[in-house]
Amino acid sequence: MMKKEKTKFPLEEKIVRHLSERLKDSGAHALAENKLHQEALAAFQQSGFPHNRMERWRHTDLKTALETDWHLFDRPVPYEKELSQIFLCEVHGFESRVISVLNGSFYAPEEEKITRDKNGVIVASLSAALREFPELVKEHWGKIMPQTDGFKSLNLAAAPDGVFIYVPDGVEVDTTFQVIHILNKPGLMINVRNLIVLGKNAKLRLLHCDDSVNHHAGFINKVNEVFLGEKAELELYKLQNLNNETVLLNQTALHQEASSRLKINAFSLNGGLIRNEIHDFMNGSGAWSDIRGLYLMDQKQHIDNQVNVYHNVPNCDSNQLFKGILDNEATGVFNGYIYVKRDAQQSNAFQKNANILLTKTARIDTMPHLEIYADDVQCSHGASVGQLDNEALFYLMQRGIPFADARMLLMYAFADAVIKEISIDALRVSIEDMVKRRLRGDLSICDRCVLHCSNPDQPVIFDIDISKI
């Protein structure tokens with residue numbers, strides 16, 4: 001059988017030419033001499049962009065996006081004004097330490113690009129941290145995310161910057177960190193890379209936001225690498241509210257040491273094309289993870305969630321729950337994969353994906369997979385696709401609740417299994433508010449920040465007399 005030629009886009013050649021020239025100019029970029037960049041560029045040249053003849057990309061077609069003549073933006077962004085003048089994020093009662101990334105670069109005054117707290121916590125630009133703390137960065141940078149396709153290789157070769165967070169052994173961070181990624185220029189392809197390292201017994205809560213501040217088209221190729229030391233704990237919240245012109249590839253790889261605990265809650269509320277990849281490597285006995293997601297798509301939006309959990313050692317527990325509501329002509333993909341290595345005995349792994357399609361033209365492809373090589377395990381998976389329960393809808397309407405409110409109440413009840421797991425009260429209230437607005441069709445992108453929508457004086461309420469239920 002003749003081998004099929006990989007799809008070749010002019011954009012690919014343009015990127016390779018640009019990066020090759022950059023690597024030749026050793027003074028042009030602080031990281032240019034790094035061997036990893038050269039190897040990653042060679043890997044990208046070899047593989048090119050993924051295409052829908054590859055199994056993991058079969059249901060997400062990027063052809064239109066890759067035929068666009070994006071401008072590869074890989075320069076540091078100079079600090080010109082406060083973030084609040086570009087983007088405002090206010091959640092009543094929610095105190096966070098805001099870390100911003102603008103057009104792919106850590107955005108802060110020069111003197112604040114590296115901060116080291118009294119307890120040893122480091123928050124920095126990734127490129128600056130590589131210069132100042134090479135021993136901390138190089139131990140994990142480029143080593144957690146596997147180079148399984150061209151986008152990951154491209155990211156490693158091209159990302160100029162990102163966020164570096166380091167929490168030393170035994171340190172529990174009280175304040176929630178909030179990383180905000182913003183793209184405010186048209187026609188840019190951005191590669192950004194973040195590295196988060198938690199030492200032994202360290203604890204951190206992190207909110208990771210992707211927001212649009214206008215309707216400019218953009219292409220964001222983002223990689224997050226996360227290391228959890230022994231008995232470390234991470235609560236990671238992802239919030240995505242982008243315009244319909246933006247493509248976001250959000251790829252996260254996590255390494256878990258023994259008895260570490262990971263909790264992820266991901267909310268995709270809006271976006272033209274969003275692909276979330278989560279690769280959870282359970283490499284220490286007793287590791288635990290709970291990964292949940294909620295996606296609300298309409299119009300012609302597309303969401304693709306790829307969740308891969310690898311039980312590489314015995315006595316680990318993992319749970320996945322993803323729920324989606326798709327309206328109009330929206331399309332979605334859920335691809336869940338659980339791998340249990342030989343001798344990874346007494347593994348417990350559960351996976352579930354549930355979807356509601358509100359129209360006949362909405363579509364979801366859901367594909368749960370189990371690959372198990374140990375015999376003393378408990379593993380299960382399940383997927384469902386359906387419509388709103390007509391009997392429940394009829395029951396609510398019998399009690400005087402208007403059709404539209406009854407419909408929205410059922411959708412909200414469906415989504416609540418993910419929302420209620422948010423442990424930060426103010427954040428949970430704000431996300432409840434956004435989900436309600438989204439289910440009403442109110443929320444696309446706001447003029448400043450989706451989180452700004454939460455107003456304790458004017459909360460979103462259902463027009464329902466609960467006493468009639």
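Select S2 and S3 to begin: these strands run antiparallel and are joined by two bridges. Strands, like helices, are DSSP runs numbered from the N terminus, a strand (E) having at least two residues and a helix (H or I) at least four. Two strands are said to pair if DSSP finds at least two bridges between them. Leu 102 has Ser 105 as its bridge partner in S3. Two residues lie between the strands of this hairpin, and Asn 103 adopts a positive phi near 50 degrees there.

The model is a predicted one, in which local features need pLDDT of at least 70 and side-chain atom pairs count only at pLDDT 80 or more, while totals for chains, interfaces and linings use all residues. Residues are numbered from 1 along each chain as its sequence is written, and side-chain values use heavy atoms, with hydrogens and water left out.

Strand S2, residues 96-102, runs parallel to S7, and seven bridges join the two. Here Arg 97 has Phe 177 in S7 as its bridge partner.

Now extend the selection to the open sheet of ten strands, whose order is S3-S2-S7-S9-S11-S13-S15-S17-S19-S21, with mixed pairing. Its edge strands, each pairing on one side only, are S3 (105-106) and S21 (378-386). Within the sheet, select S11 (residues 233-241) and S13 (residues 261-270), which run parallel and are joined by nine bridges. Asn 241 stands opposite Asn 270 in S13.

Side chains of opposite charge can pair when their charged atoms come close. A salt bridge is counted when a side-chain nitrogen of Lys or Arg lies within 4 Å of a carboxyl oxygen of Asp or Glu, and the count by this rule is 20. In the salt bridge between Arg 97 and Asp 117, the closest N and O atoms are 2.7 Å apart. The pair links distant parts of the chain, 20 residues apart: Arg 97 belongs to strand S2, and Asp 117 to the loop between strand S4 (114-116) and strand S5 (122-125).

Are these two residues buried, partly exposed or exposed? Buried means under 20% relative accessible area and exposed over 50%, with partly exposed in between (1.4 Å probe, protein chains only). Arg 97 counts as partly exposed because its relative accessibility is 25%; Asp 117, at 27%, also counts as partly exposed.

Select S14, residues 273-282, next: ten of its ten residues are buried. Leu 273, Arg 275, Glu 277, His 279 and Phe 281 point one way, and Ile 274, Asn 276, Ile 278, Asp 280 and Met 282 point the other. S12 (residues 246-256) pairs with S14 in the parallel sense over ten bridges, with Leu 248 opposite Ile 274. S16 (residues 302-311) likewise pairs with S14 in the parallel sense over ten bridges, and Asp 280 stands opposite Val 309.

Which salt bridges does Glu 277 form? One is with Lys 152 (2.9 Å, N to O). Glu 277 lies in strand S14 and Lys 152 in helix H6, so this pair ties together parts 125 residues apart in sequence. The other named partner is Arg 275, with the closest N and O atoms 3.0 Å apart. The relative accessible area is 3% for Glu 277, 1% for Lys 152 and 2% for Arg 275. Display Asp 149 and Asp 304 as well: with Lys 152, Arg 275 and Glu 277, they are linked in a network of salt bridges.

**Helix H2**

Finally, select helix H2, residues 35-47. Its buried residues are His 37, Ala 40, Leu 41 and Phe 44. They lie on the same side of H2, because they cover an arc of only 100 degrees around the axis, the arc being that of the directions from the helix axis to the C-beta atoms. Helix H1 (10-24) and helix H6 (150-158) are among what covers these buried residues. Lys 35 and Gln 46 are exposed on the face turned away from the buried side. Just after H2, Gly 48 takes a positive phi of about 70 degrees.

Technical notes
Contact means heavy atoms within 4.5 Å.
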